Amino acid sequence: MKPITDYVDYRRYMQDFYDERKRTSAFTWREFARLAGFVSPTYLKLVCEGKTRLKNDGVERTALAMRLVGYEVDYFRMMVRYAHVKTDYERKKAYDEMQSIAGEHKVKIVDEDAFAYFETWKNPVIRELAPIMPGAKPGDIAKLCCQGVSAGDVRESLGFMTKAGLLKKDRSGRYTQTDKALKGDSEVMPVAIRSMHRDMAKFGLAAIDDFALSDRNISGVTMGVDRAAYEQIVQEIEAFRRRIVTIANATKKVTQVYRLNLQLFPLSWTVPDEEKD
């Protein structure tokens, strides 16, 4: 599903949310209404059809039902306001606020530079460290990386990301991120990011012994599922990851770089269906 900041019509966003949930699970309008705390099982369906509207308390409950967090809630609230204010002045004010939120939390699409950026795990780490270490030399940044990084690695990475427009360097030598987050085009990502996933998985394994319990959180669950449950779990992971990114983007003062690995993989082959034999 597209980021909420790609929408102007709140009804369209709600409909797309419902359609996406319906596609991956047995989601219904009744369930949607229940999650938002509405008595009528068709209320949100009528909203999406333009036959009624969300009121103030309904906006907050619906945002919660769609698991919106941080700036996403603010943006959704403004979309509703934009749709229902009565004057052109109020409408323009709401639209300008939507544009401001969208611009502040813009997501950079990495396409032709995806292979170079995700070729090494060092780029994302350095991209997070450089802006919070104003005036730091490459060697200083290298020393703060938990894994092996040289000053030359940092210098090369900064040069690439500045040229690619992923970092911006001012006259005083300070770096700023040009966008809040990065994501890759679906066609190039599977190939571009595999190598980095392998490295990050190794780091995650080593973290079990390298860091105290207070500095890392590693857990897991072994379970039996069918294909429908698997698809629903994947949907939940995507929603969870999006909320985590929103929380991270709202951080006022970054002090450390963390990596979150989300891993869901089979531990057995599919059991034959005896009823079909």
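Me: A cavity is a set of grid points where a 1.4 Å probe fits but cannot get out. This model is predicted. How much space lies in its largest cavity?
Reply: The structure holds one cavity of 30 Å³ or more. Its lining includes Met133, Ile141 and Tyr175. The space in this largest cavity is about 30 Å³.

Me: How many charged residues are in the lining of the largest cavity?
Reply: The lining is made up of Ala130, Met133, Gly135, Ala136, Ile141, Gly173 and Tyr175. Gly counts as polar here. The classes come to five nonpolar and two polar residues, and the number of charged residues is none.

Me: Now the second largest pocket. Which element gives the most to its lining?
Reply: This pocket has a volume of about 190 Å³. The elements that give two or more residues to its lining are α8 (122-129) and α10 (151-164). With four residues, the one that gives the most is α10.

Me: How many residues of that lining are charged?
Reply: The lining consists of Ala116, Glu119, Thr120, Lys122, Asn123, Asp153, Glu156, Ser157 and Phe160. Asp, Glu, Lys and Arg count as charged. Two lining residues are nonpolar and three are polar, while the number charged is four.

Me: Turn to helix α2, residues 29-36. Which of its residues are buried?
Reply: Buried means under 20% relative accessible area. In α2, the residues in this class are Trp29, Phe32, Ala33 and Ala36.
They span an arc of only 95° around the axis, so they sit on the same side of α2. In general, an α-helix has 3.6 residues a turn, so residues three or four places apart point the same way. The buried ones, again, are Trp29, Phe32, Ala33 and Ala36.

Me: Which exposed residues are on the face of α2 turned away from its buried side?
Reply: The buried side of α2 is covered by elements including α1 (10-24), α3 (43-48) and α4 (56-65). The face turned away from the buried side carries exposed residues, Arg30 and Arg34.

Me: What is the phi of the glycine that follows α2?
Reply: The residue in question is glycine 37. Its phi is positive, near 80°.

Me: Is arginine 67 buried, partly exposed or exposed?
Reply: Arginine 67 lies in the loop between α4 and α5 (71-84). Its phi is near 60°, a positive value in a residue other than glycine. Buried is under 20% and exposed is over 50%. Because its relative accessibility is 29%, arginine 67 counts as partly exposed.

Definitions and conventions: Residues numbered from 1 in each chain as written. Predicted model: local features only at pLDDT ≥ 70, side-chain atom pairs only at ≥ 80, totals over all residues. Heavy atoms only, no water. Buried < 20%, exposed > 50% of the residue type's maximum accessible area, 1.4 Å probe, protein only. Arc of directions from axis to C-beta. Contact = heavy atoms within 4.5 Å. 1 Å grid on protein atoms, 1.4 Å probe; cavity = no way out; pocket = protein on both sides within 12 Å on 5 of 7 lines; lining within 4 Å. Points joined across faces, edges and corners; volume = space filled by probe spheres on them.
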